[in-house]
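Have the sequence and the 3D view open side by side.

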Amino acid sequence: METADELEQSNEELILSFLTEGGDEFISGAALSDKLGLSRTAVWKHVEALRKHGYRIDAAPARGYRLVEVPDRLTNLELAPLLATRELGRVMHYEESLPSTNARAYELANEGAFHGEVVVTEEQTAGKGRRGRVWVSPPGKNLYFSAILRPELPPQRAPELTLVAAVALCETLREAGAKAMIKWPNDVQIDGRKVAGILTELSADTERVHFVVLGVGVNLNSAAGDFPPELAELATSVAISRGQPVPRALFAAALWTRLEQWLDTHAEEGFEPVRTAWKSMASTIGQDVLVRAEQRELRGVAEDIDASGALILRTPDGKTERVLAGDVEQVRPRKA
Ligand code: BTN
């Protein structure tokens with residue numbers, strides 16, 4: 001049973017979907033009340049409620065309603081009308097602020113949340129990066145979310161999902177006008193500066209994956225001054241690079257659509273198409289690099305990624321090394 005609040009919200013979501021579909025056209029109050037099975041007064045009340053949430057909706061006598069501006073937030077109201085996914089993000093847990101969306105998603109998954117449920121927040125007070133680092137997550141500017149996935153995969157293949165996400169992320173950033181590249185294993189960069197990161201966390205036994213929490217942070221609208229001094233030279237945002245702010249809900253909906261498509265491809269065809277796409281967008285391959293792995297540092301030429309996503313390195317003594325996890329630093333550009 002839906003609660004009264006949920007019903008109100010889904011009516012408002014429906015009104016927004018119809019107005020979004022209408023684009024610049026007015027939709028008559030009569031058409032909206034027919035579609036929703038509500039009185040004209042009830043439609044008007046929902047429009048008023050939407051305005052209080054920050055939506056600008058024009059109303060003209062005898063013409064109806066037209067959506068003019070959407071607030072820059074990431075609640076269900078903004079995202080639901082834009083989503084074209086089958087499962088991903090259809091159930092969304094939104095909070096104004098969270099320590100970490102990954103931590104919240106992990107709890108929800110442990111409590112039985114389904115494949116595709118997503119946790120989204122406006123800010124993280126303890127955003128987690130790879131290798132114990134902090135993910136700087138100021139409020140209201142960027143995208144921070146974690147998707148709960150329940151893939152049919154043996155645990156040793158779970159790391160492939162990080163590369164699936166990197167491909168979807170890089171493609172979506174390119175579509176938004178950013179010249180994004182992937183740095184092994186899953187940093188997404190613009191002009192050599194980090195714009196997005198992925199942190200996957202796994203719950204599994206020896207035989208099967210219980211769930212994967214796929215956490216993604218994208219610097220969309222951070223200004224240069226939002227980064228702490230130690231990141232000033234290393235990080236960037238889409239808005240900085242293209243000189244124009246990014247509508248966050250549109251970006252999130254586009255990313256989730258691509259992510260679902262790539263997850264489907266991976267489930268149906270395996271890792272090979274992901275590997276091919278990943279390589280076509282990678283800045284690492286062919287470069288002289290220094291790899292800082294768990295226990296060791298290796299220098300060499302990054303030659304390839306293998307069938308499980310590991311980096312294949314040709315060391316100066318001509319040997320090949322396979323590196324499963326670590327950080328890559330480009331040593332100097334190779335001559336063409
Ligand atoms: C990296 O270090 O490159 C990974 C960064 C991952 C950050 C995202 S933001 C949303 C999700 N929640 C977290 O606490 N971390 C991930």
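Is A223 buried, partly exposed or exposed? A223 is partly exposed, with a relative accessible area of 37%. Here buried means under 20% relative accessible area, exposed over 50%, and partly exposed in between, using a 1.4 Å probe and protein chains only.

## Ground rules

This is a predicted model, in which local features need pLDDT of at least 70 and side-chain atom pairs count only at pLDDT 80 or more, while totals for chains, interfaces and linings use all residues. Residues are numbered from 1 along each chain as its sequence is written, and side-chain values use heavy atoms, leaving out hydrogens and water.

A223 sits in the loop between β9 and α7 (238-242). Helices (H or I, at least four residues) and strands (E, at least two) are DSSP runs, numbered from the N terminus. The C-alpha atom of A223 is 27 Å from that of T162, 61 residues apart along the chain.

R40 belongs to helix α3 (residues 40-52) and is exposed, with a relative accessible area of 51%. Leaving aside residues up to four places away in sequence, R40 touches G29, A30 and S33, where contact means heavy atoms within 4.5 Å. R40 and N186 are 146 residues apart along the chain, and 51 Å separates their C-alpha atoms.

## The largest pocket

A pocket is found on a 1 Å grid over the protein atoms alone, as an open set of points where a 1.4 Å probe fits, with protein on both sides within 12 Å along at least five of seven lines; lining residues have an atom within 4 Å of a point. A volume is the space filled by probe spheres set on the points.

The largest pocket holds about 830 Å³ of space. Its lining has 40 residues, and R133, W135, D187, K194 and L231 lie nearest its centre. Among the elements that give two or more residues are α5 (101-110), β5 (143-149) and β8 (193-204), with β8 giving the most, 4 residues. By class, the lining of the largest pocket has 15 nonpolar, 14 polar and 11 charged residues. Nonpolar covers Ala, Val, Leu, Ile, Met, Phe, Trp, Tyr, Cys and Pro, charged covers Asp, Glu, Lys and Arg, and the others, Gly among them, count as polar. Domain 2 and domain 3 each supply at least three residues of this lining.

## The second largest pocket

Where does the second largest pocket lie? It lies between domain 2 and domain 3, because both give residues to its lining. The second largest pocket has about 490 Å³ of space and 25 lining residues, with P159, T162, T200, L324 and A325 nearest its centre. β8 gives the most to this lining too, with 5 residues. The classes here are 12 nonpolar, 7 polar and 6 charged.

## Nonpolar cores

A nonpolar core is a set of buried Ala, Val, Leu, Ile, Met, Phe, Trp, Tyr and Cys residues joined through side-chain atoms within 4.5 Å. The largest has 66 residues, and L173 and W256 have the most contacts inside it. α6 gives the most to this core, with 10 residues. Apart from it lies another core, of 15 residues, including F18, L19, L32 and Y65.

Terms used
Domains from an automatic or database assignment.
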